[in-house]
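Please consult the sequence and the structure shown here alongside the text.

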Amino acid sequence: MDVIAEGDVITIAQLKAMYTGTDLPIEQNYNIFANVTSEETDGNFYREAYIQDASGAIRLRLLASGGLYIGDSIRINLNGTVLSDYNGMIQLDSVDVDNNIVKQATQKYIQPSIYTVSQISPALPVSYTHLTLPTTPYV
């Protein structure tokens, strides 16, 4: 088994800041430490996972299925991956689980944050000026 190179540690926010609107092949040994927050075992995704660190989250597009599970704490070496766009979201493409990822620990779940509508509504991209809600509950 090959040793996955170590290098400069960056955050997901720093990685996303590198994106300029065109595909960016990464050829340096940058590393990100993050936790897997969504993956493909429940059938909702195919060859993709999402990771999160304290600075943000990003979609991983995997070269092959398997190997990552929710709660895995990982180090991902970015060399050989591609930073690209996916439906308006920045993603990390061409991730090889065997050659880019080292599992540090398992069952390291991130607790979800709880927000009220008033806390998130300023960030919503849509303005509702005439919204009427039904007075009777749906059954």
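The points below cover the overall fold, the surface and the salt bridges.

The model is predicted. Its protein chain holds three helices and eight strands, and a search of the whole structure finds two salt bridges.

**Fold and contacts**
- Along the sequence, the elements of the protein chain are arranged in the pattern α-β-β-β-β-β-β-β-α-β-α.
- Of the contacts between residues at least 6 apart in sequence, 62% join residues at least 24 apart.

**Burial and surface**
- The protein chain has 139 residues, of which 30% are buried.

**Salt bridge between Arg 59 and Glu 48**
- The side chains of Arg 59 and Glu 48 form a salt bridge, with an N to O distance of 3.0 Å.
- Because Arg 59 belongs to strand 4 (residues 56-62) and Glu 48 to strand 3 (residues 48-53), the pair ties together parts that are eleven residues apart in sequence.
- Arg 59 is buried at a relative accessible area of 3%, and Glu 48 is buried at 9% relative accessibility.

**Salt bridge between Lys 103 and Asp 72**
- In the salt bridge of Lys 103 with Asp 72, the closest N and O atoms are 2.9 Å apart.
- Lys 103 lies in strand 8 (residues 101-105) and Asp 72 in the loop between strand 4 and strand 5 (73-77), so this pair ties together parts that are 31 residues apart in sequence.
- Lys 103 is partly exposed, at 37% relative accessibility, whereas Asp 72 is buried, at 2%.

Technical notes. Residues numbered from 1 in each chain as written. Predicted model: local features only at pLDDT ≥ 70, side-chain atom pairs only at ≥ 80, totals over all residues. Heavy atoms only, no water. Helix = DSSP H or I, 4+ residues; strand = E, 2+ residues; numbered from the N terminus. Buried < 20%, exposed > 50% of the residue type's maximum accessible area, 1.4 Å probe, protein only. Contact = heavy atoms within 4.5 Å. Salt bridge = Lys/Arg side-chain N within 4 Å of Asp/Glu carboxyl O.
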